[in-house]
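Here is a short note to read alongside the model.

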Amino acid sequence: MLTEALSYRQKVTIVACMGLIVGLGGLFLYLLRMHTYVIGDDPSACINCHIMSPYYATWSHSSHGRDATCNDCHTPNDNILSHYFFKGKDGMKHVAYFVTFNEPQVFKATDASAEVIMDNCIRCHTELNQEIVKTGRIDYMKAKRGEGMACWDCHRDVPHGGMNSLTSTPGAEYVEPMPSSPVPEWLQKALGK
């Protein structure tokens, strides 16, 4: 067996290295405030990244700020597996942008995100869509093919107030303060921050 071939020193070294990797990985996830994204549904978790602050501010001062969270619109809500899979995939994409300093100044929804967002618009506004306005059940891919319109073709400023640029964003004056750092004070002092 492999464990019999290893000396005591090698076993201790392997265990210490594994502990170091797990510990540093845990610290990295904690500093990214991963627990606020995965466990919770609090929209203020989205402003852990400074670039999201205007989106949070414009949402919180919109009509959707009273009744919908970020996850109500930006993740699939048909079942728990697709919800968490999409949330994790999209979240890791945002983390990758952030830690590599490649985040755009203005986020635009990808086709996958736009499809989820429109499905959620229709999910919440089914009665309005099908009985009052009588647009029927249209989805993003049909709208993209020109077989109808996407919800935001008419409702461009809902709920983020026209996030075309940070300077033209109505409500940007409400930019929310960044949450306090998760790094303990003693560690900040030790690092000279």
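**Notes on the predicted model**

1. Start with Cys 124. Its sulfur lies 6.6 Å from the closest cysteine sulfur, that of Cys 73, so the pair is too far apart for a bond. A disulfide here is a pair of cysteine sulfur atoms within 2.5 Å. By this rule the count is zero disulfides.

2. A word on the basis. This is a predicted model, in which local features need pLDDT of at least 70 and side-chain atom pairs count only at pLDDT 80 or more, while totals for chains, interfaces and linings use all residues. Residues are numbered from 1 along each chain as its sequence is written, and side-chain values use heavy atoms, with hydrogens and water left out.

3. Cys 17 counts as partly exposed because its relative accessibility is 42%. The classes are buried (under 20% relative accessible area), exposed (over 50%) and partly exposed in between, with a 1.4 Å probe and protein chains only.

4. Which residues make up the largest nonpolar core? There are seven: Ala 114, Met 118, Ile 122, Ile 138, Tyr 140, Ala 143 and Ala 150. Such a core is a set of buried Ala, Val, Leu, Ile, Met, Phe, Trp, Tyr and Cys residues joined through side-chain atoms within 4.5 Å. Helices H8 (111-124) and H10 (140-144) each give two or more residues to this core. H8 gives the largest share, three residues.

5. A second, separate core has five residues, including Ile 51, Tyr 55, Val 106 and Phe 107.

6. Gly 88 is partly exposed, at 33% relative accessible area. Its C-alpha atom is 9.8 Å from that of Thr 75, 13 residues apart along the chain.

Definitions and conventions:
Helices (H or I, at least four residues) and strands (E, at least two) are DSSP runs, numbered from the N terminus.
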